[in-house]
Every structure is written in C-alpha cells, then in structure tokens.
Amino acid sequence: MLTLKQKRSLQSLLVGCAAWLIAGLIFFPIFWMVLTSFKTELAAFATPPQFIFTPTLENYLHINDRSDYFSYAWNSVLISFAATALCMLVAVPAAYSMAFFETKRTKGTLLWMLSTKMLPPVGVLMPIYLICKSLGMLDSRLALIVIYTLINLPIVIWMVYTYFKDIPVDILEAARLDGATTLQEISRVLLPIARGGLASTMLLSLILCWNEAFWSLNLTSSAAAPLTALVASYSSPEGLFWAKLSAVSTLACAPILILGWISQKQLVRGLSFGAVK
Amino acid sequence: MNKLSLALAATACLALPGLTLAAETLTIATVNNSDMIRMQRLSKTFEAEHPDIKLKWVVLEENVLRQRLTTDIATQGGQFDVLTIGMYEASLWGAKGWLEPMTDLSAEYDAEDIFPSVRDGLSVKGQLYALPFYAESSITYYRTDLFKDAGLKMPEHPTWTQMANFAAKLHAPDKDQYGICLRGKAGWGENMALISTVANAFGARWFDENWKPEFTGSEWTSALNFYVDTLSKYGPPGASSNGFNENLALFNSGKCAMWVDASVAGSFVTDKSQSKVADHVGFTFAPIQATSKGSSWLYSWALAIPTSSKEKDAAKTFSMWATSKAYSELVAKTDGIANVPPGTRASTYTDAYMAAAPFAKVTLESLKSIDPNKPTLKPVPYVGVQLVTIPEFQAIGTQVGKQFAAALTGGMSVQQALQGAQTATERQMKRAGYLK
Amino acid sequence: MTTSALDTSPPATQTKSRKRGLKIGWFLVSPSVLLLLLWMVVPLAMTLYFSTIRYNLLYPDEESFVGLENFEYFLTDPGFMPGALNTLTLVGSVLLISVVFGVLISALLEACEFWGRGIVRVMLISPFFIMPTVSALLWKNLIFHPVSGILAAVWKFFGAQPVDWLAQHPLFSIIMIVSWQWLPFAILLLMTAMQSLDQEQKEAARLEGAGPIAIFWHLTLPHLARPIAVVVMIETIFLLSIFAEIFTTTSGGPGFESTNLAYLIYNQALLQFDVGMASAGGLIAVVIANIAALVLIRLIGKSLTDKQ
C-alpha cells in the first residue's frame, strides 16, 4: 500500500509527464522552425530530418543583407501600438457608458458591433482599396492604423465592457456624490481599478494587429510595410527557401512571442471576459 | 494621459517620412525568384551610378504579386513604378493602355538583339510594352548517372511514351528515387503550364476556332490519362502539391530521375552549393508525342512601367539598366557567367556562355523554335502556348487546374475532371460573351 | 443600472445623476457606434453597388447593370455548396477540438502541482502568438511535407508509406493547423477559469465521497459553462473568415475539398478579378455569418451577456 504522500507524488509525476508530453507536441512546430532557421537549405530538406547538424547563421545574414528588418519591425511596432492606443481611446468611453448606463438597446448594440467583424475582408477589399486610393492613403501607416482600430474595436469594447461590469457601481456613485465630473470619474476612479484588465485588453489588441496579414499585404508596398509583408516576401515558388523562410518567420514572430511570454498572466486576466471571478 | 501622448507621438511619427523624399524614389515590384533577388542585390551599382534615384523593393511570391499588381493597375492606384510581369499581362495591359510604351530605346540598348519570339510576346501591334528580364522554355532534365547505370540512353527529342518507359525503369521508391517529377500543384501558371504542353504534344488545343473548349475530345482524354497515369505510378508522393519549387528541391536532393520544367532551373541544378547532383544532370528538349508543336512553353519575366507611375523617366532608366547587355556583363563578373539572365538576347549566347552553361544550347534552340501565334497542331483563335491570352484565362486556368489536380490525387476520375473542366470553361466563356 | 429598493440615497440626486448618465452615456458611445457604422455602411453600400454591376478589373471600362446575375453565378458556382459545407465543418470541428481538448488539458494542468508547470503553460499558449501565414507555411513545409516533413519521417520510422496530408486529407490538415492556433486560446481561458474554482467546494465534495470524475462532471464543468461560451463566441468570429491558412497550403484544392466561403470569394475577387461576383459572394457570406451568429447567440448568448 502506498502512503498518501507517496500517492500524491506519484500522481504529480504522472500528471507532470503527461503535461510535458502534450506541451512538447504542441510546442514542437515552433521549436522546429527555430531549429530549421539555423540549417543550410540543403540540410533543411534532408531526409530523414536532421536534429543534429552544424548550425549556421547564413540565413540571418542573408536576410539582413537583402532587407531592412528593422524598418519592417518598426512599422509593425508603430502600427500595432498606435492602433491599440486609438482603439482604447474610443472603446473606453463607449464601454463605460454601456456598462454603467445600460439601456434596452445596449445588448443589441454590443452584438451588432460583434457582427461587424463577420464581413469577410476579401469581400470588401475593392471598396476599401478605392477609398484609400482616393484619400491618398495607399502604402501609409495611417490607413492600417485606422483599419486595425476598426476591426479590433468590437472585441476591445466588449472586453472592456465585461471588465467594467465587474466593478461595483457604488464606488462610482460615491465619487459622483463627491462632485466628480465624468472625466474625473473615469480617469481617477475607474481606470485605476480596471488597470489590469485594460492592460490585458491592449495586449490582445497588440497581438491581433501584429499578426494581421490581409490588409497589411494588400494596402502597403514599401514605406508602411510591416513584418507580415516581410514574411510574404520570402515565400516563393522558385528556388530553395525553407531555411530562410524559417529564419524570417522566427524574426517576425519573436518580438510578439516574447512579449506574450512575459505578460501571459496579464493576458489571462483580460481574456477572461468577466467569465472568471 | 498616457495613451493620448502615445497617440500624439504616433501621429507625429506618421507625418515624418513625407519630409525625407528629396531624391526620386522608385518602387519596384518583383517576384521572389533568384534572378530577381540577384538583381536587387546588384542594384546597389545602379544606385551608385544614379545618386538621384533611390530604389525601394517590394518582393512577393508570384501569385500574390500578380494580385497586387492587377489590383493596383486596374484602379490606377499608382503604388508602383516598375512592375515585373509576364507575357500574359504585358499583352493584355499594353492593349488596355495601362503600360507605358517602350519607345526611344537607345542604340546602346540594342532592342534588335532581343529574340523575336520574346519581343513579339511582349508587344501589342508591334509596339513593345515591357523589357524582357529573362525568358524560359520548358526542357527535360535527367540524371546521367542513373541513365548510365540502367543502360538507358536519352534521345534528343524523347516522346512522352519513351519518358514513361524510362520512368518505369528508374522508379525505386524504396531508395527515395522517383521515376519522373512533374508539376501537379493547381494553378494556371503551375500544373496547367505543363499539362498544356503535354496536351499540345498529344495534338490537343484549348479552344476550337469558335472558342468552344475541347476537353472532352479524344486528344485531351489521352493526354490527361497519360499524365495522371504516369505521375501517379512513377512520380513522388504528394505530386499534386508540387510546383516548380518543390520539384526543384526534389531534383536537387537526388530524388528525381527525370524532370520536365522551366529552362531557368538549369543554373540551379548545376550549382554545387544547392544541388547534390550538380555533376550528373543531362539536358534535352521537352518531350513530344503526336506533334512537336507547342510541346515546350514560352514564358518571360519582363519589366514594365504603369501609366500611373509618377517617376516614368527614372523607371525607364532602371528598366533599361536591368535588361541591358551591361547588366549581363555585371552578373558574369560578380556571379559567374552561367548565372546571366537567360533567354532574352542573342548576344548572351556567346561561346564562353555556351561552354559554362551546359543547358544553354537546348534553351536557345527551344526558344527559337516556339511560335506563340501558331501554338498547336490544329488551328486556334488564340495566342499563347501554355496559356490563352484572353482576360478570362486566369479564371478558367485556375478552375481547370483544380479539376486536374483532383484527378491526380484520385479524388475524381480523369473522365469526371475533363467533364468538369469542360463545364467550367463553357460557363466562363458564356459569361464573357464568347459563346452564345 | 440597478436601483435596489433598499437604496438610501435621496431620490432627487438619483434621478439627476441618472439623467446626466444617460446623456453622457449616448455621448460616449456615439463615437464608436458612428465609426463602426461608417466602417460597415460605406464599404457595404459600395459592395451592394458592385454586386449589381458587371465589374471585372481586367476590363473596368465595361461596367453595366446586370441585376442579380452576379448572385446567380455565385450561388450556382460549383464551389458554392462544398464551400458552404466546408465552412461549417471547419468551424464546427475546430470549436469541438478546442473546447474538448481545452477542457481536458487545462484540467490536467490544474490537477496537481508538478515540476515545470510554468514552462509547460508558456509552451502550451505559444502557438497563439504565431502569425497565421507563418504557421501555415510551417505546417506545410516542415510538418506535412510528404518527402521531408516530420510526419513523413515518423511514418517511415514505423515502416508505413508516408501520407501526403495536404492532398489526401486537405480539410483535415487545415483543421489541424487552425486547431493548433486556437487550442491555446481555449487553454488560456479555461485554465484561468479553473484556477478560480472554489477549492473548498471541491474539498467538501471529496469528503462526501465524490470521485474525481464526478467532481469534474458536476462541479468543474458547470463552472466552465461561461468561459466555454466565450471561447465558442470569439473563435467563431475568427474561424468563419479563415483564409490565410487555406491560401498558403492547399489553395482550396484539390478540387473544392478545402475551399471555404472566404476562399471562394477570394478566388472570385483576386484570381478572376471579378469584383461584381466577389461582392455578391461577400454579401451572401455576411448573411450566412449572421445566421450563424444568431443561432450561436440563441444557444449561448444568455450566458455571455447576463451575469451569473
């Protein structure tokens, strides 16, 4: 017979093994991508796949030689952060009033907002392209910022809304009775309480902007092109390219992956949509 | 307010790039093929020679590039100053007046040096609309070592039946060696390019004189049956997702005994840094069958200038530089003579080049023998060997390509695929008003 | 705003602040509503207009009014029925996979403390940060490739003939790739939800003799109802317009086996440059998406908007 303590540690061992196995399987493609990026093109295509090889930096050097990684990365950073900031600026007041001054139409409005996300982007490419063209906003960061703000707005409003819903109305009432204006009420009372939720909302918005590949490919050419466009420029139907593609993908995903790792706890809180108490 | 200041800072950053545009900036859209990547690398020389012109590159995969360019040029978006396009676009867009005519080319440029078949393919009514960067036909690559070991001899003009026999003898999947590699990935520029030349060799044509598609005819039936049968018996696994690139990778790693594809691969398969079989590659003409007409395709990547460009003069200067004899000399000097962009100019084919590039002779003679105006055995109302130069062709080729890829995977029978292709094509042609 | 009967604040202030609130409420919501309205209405109006004319980018000068012809051609396109069915299969399977495996994996993670739990958690959620195009390329070239992919090597190791995944099981392969991207999202959410489960309640149930399965079924699962609803809702929105993964891997083929509606529309818009028909397709997709949304809201909407 096992003692209770032995039983516990056995259970912990079994669960640990299973969890590590699953995590290994799910993480494997990313690991393999990074590994491939250090191979030569011939080694990348070798059968059976090689786990042990002499690592080379030639792919990264090639990329550095051919394209200006930092200009793409800078565009990605600028566009993602600006779109996220703009989105929050519009979303916070809207979510505030929806959460604390609910009317009959609030739920309908919320669901309607979500439904705007269901229009397939390809279907409206032409109209948007023509609009951008006539406003002179082709290949401009501003166009992408505005579009990203709009496509993420529904989800951001909804997240902030659910987060605000968790805040007791009494606190705001108290501030109001003390004679606080609406602006003060939001900036001094509401935002500090909801800080964690807002941060994670922003993080999700950042991820979505960073990874968006349809509009960024179709509306930019060079000046405003973000990392998704850089990745697209390394996929090719002519010539060997796997190792270079892996290298460029690693470079494109690394910043947001690291940001995600650092802030995963924050992200979790925001993603809960008020579902977790 | 933190966010506000962030937003303001971001807006300020957005306004900045507008101030730095002092020199003329050319935005060049090109495909991610190795010859173009080389051009991008060597363009530093151009920038040094022309300090007032700055180059910006948009490099994209072929399909994505084509979509981007079509969207931009049709809406007169003006995002690009130099476009990399094929013969199909050059003739359609030239006729539409979307491209700047290439007039007043300098004597030094020597436009007469360009092969007539290539020049015709890029012209509309005798007016050149794009300058050819490189041109290719399809040729046969085979492994001389494997042929020798098996006691086989590759004829100069093999027939498809002979090819199938060779493939059967050299097919050894347990050794990771496959008899024949051919394109199978769906797409009008992918599997349809090859299948069209097979069909042409079998005596088939896309349309009869009244624009009626002929897929259900006996020539197409035997051609597609042959293609599906050979490739599924003696081809590599996953043939239906192989395009040029995948086959090149397979061939270079020694997994294909034979491969019929673009002549531009010649310099890749003989390059020791990327090919394991560089010393054992033989080259010959693309296979024929009932006829040799249309058995090898003709394609050219060329540089063109959209009328919506704001820097037309600089764009022309660049296009001429990249397609000039001087550029070829530059490549020969920096990258070796075998890497000179092939197929466009008679002056490229010097003795030194022919000696350095074993595939040059076959390429040259294929290119000379092709006539896109009379591509098939039976008369046709269209121009083009592996494609039909009408705007609807992209749509038709894409749909037909899908059906044929499905036949290759066994998802449908050859008969069903041909019937499906016939219906889809008739539908498109009816919608476009060719058929009543 | 809830005003309970026991509220002690003077009624005058109450109504005053309420009035102010309502005014402010609409004032604050209006920018986002207006923006979204613009974002929806302007392109939608243009799409509506395009859908009734013959507008092909390759001959833009030949625009003419054609009534409902575009709709007719789109609905009778041989790819339409498979496309619609594939869309539903894709959304349904990915939802099923991410919910079922999401629950199981997060239950495993929360079952007990073990060595390296933090690292495991980070590894599990990583795919969520990868760009869709990158993950598609990754799977296509390095995992699924029938000659040099990892799976081919595994198959060969066991002496089996390698499977050409993308050609033989195209839709299944796409489902795998998409699930790989969205399962982490479900894990992330459900894991947090489980951490908040009342431990005392669980302990009490255990003392009463309930086995781990009974606890999971009667205690954990009901607790997860709302997070699951959130997962389903958010994922549906993104999954309905899955496009990059199909474009990069199978191009919708072979035949129409992996074509979904978004890809079909793309096919019309950017391969055939038939803007008229693509617009018609876009409108049809919106209608289908909204029907799906309505059904979803009927099914799970209550637990989304109402507080427990």
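Trainee: Over residues 119–139 of chain C, what percentage of the chain is helix, and how many Å apart are the end C-alpha atoms?
Mentor: Some ground rules before that. This is a predicted model, where local features need pLDDT of at least 70, side-chain atom pairs count only at pLDDT 80 or more, and totals for chains, interfaces and linings use all residues. Residues are numbered from 1 along each chain as its sequence is written, while chains are lettered from A and ligands numbered from 1 in the order in which they are written. Helices are DSSP runs of H or I with at least four residues, strands are E runs of at least two, and both are numbered from the N terminus. In your stretch, 119–139 of chain C, 71% is helix and 0% strand, with the end C-alpha atoms 23 Å apart. Residues 84–107 of chain C are 100% helix, and there the ends are 34 Å apart.

Trainee: Which residues of chain C does UniProt list as "transmembrane region"?
Mentor: The unreviewed entry lists 24–50, 84–107, 119–139, 171–193, 228–247 and 280–300. UniProt positions use the numbering here, feature names are shortened, and annotations may be inferred rather than shown by experiment.

Trainee: How many helices and strands are there in chain C, and what share of its residues is buried?
Mentor: Chain C has 13 helices and two strands. A residue is buried if 20 or more other C-beta atoms lie within 10 Å of its own, exposed if 12 or fewer, and partly exposed in between, with C-beta atoms placed from the backbone. By that count, 49% of the 308 residues of chain C are buried.

Trainee: Now chain B: how is it divided into domains?
Mentor: Domain bounds come from an automatic or database domain assignment. Domain 1 of chain B covers 12–129 + 298–356, and domain 2 covers 138–297 + 386–431. Their centres, taken over C-alpha atoms, are 29 Å apart.

Trainee: How many residues of the two domains are in contact?
Mentor: Contact means C-beta atoms, placed from the backbone, within 7 Å. Ten residues of domain 1 of chain B meet nine of domain 2. Helix 4 of chain B gives the most to the domain 1 side, three residues.

Trainee: And how many residues of chain B touch chain A?
Mentor: 36 residues of chain B are in contact with 33 of chain A. Helix 1 of chain B brings the largest share of the chain B side, six residues.
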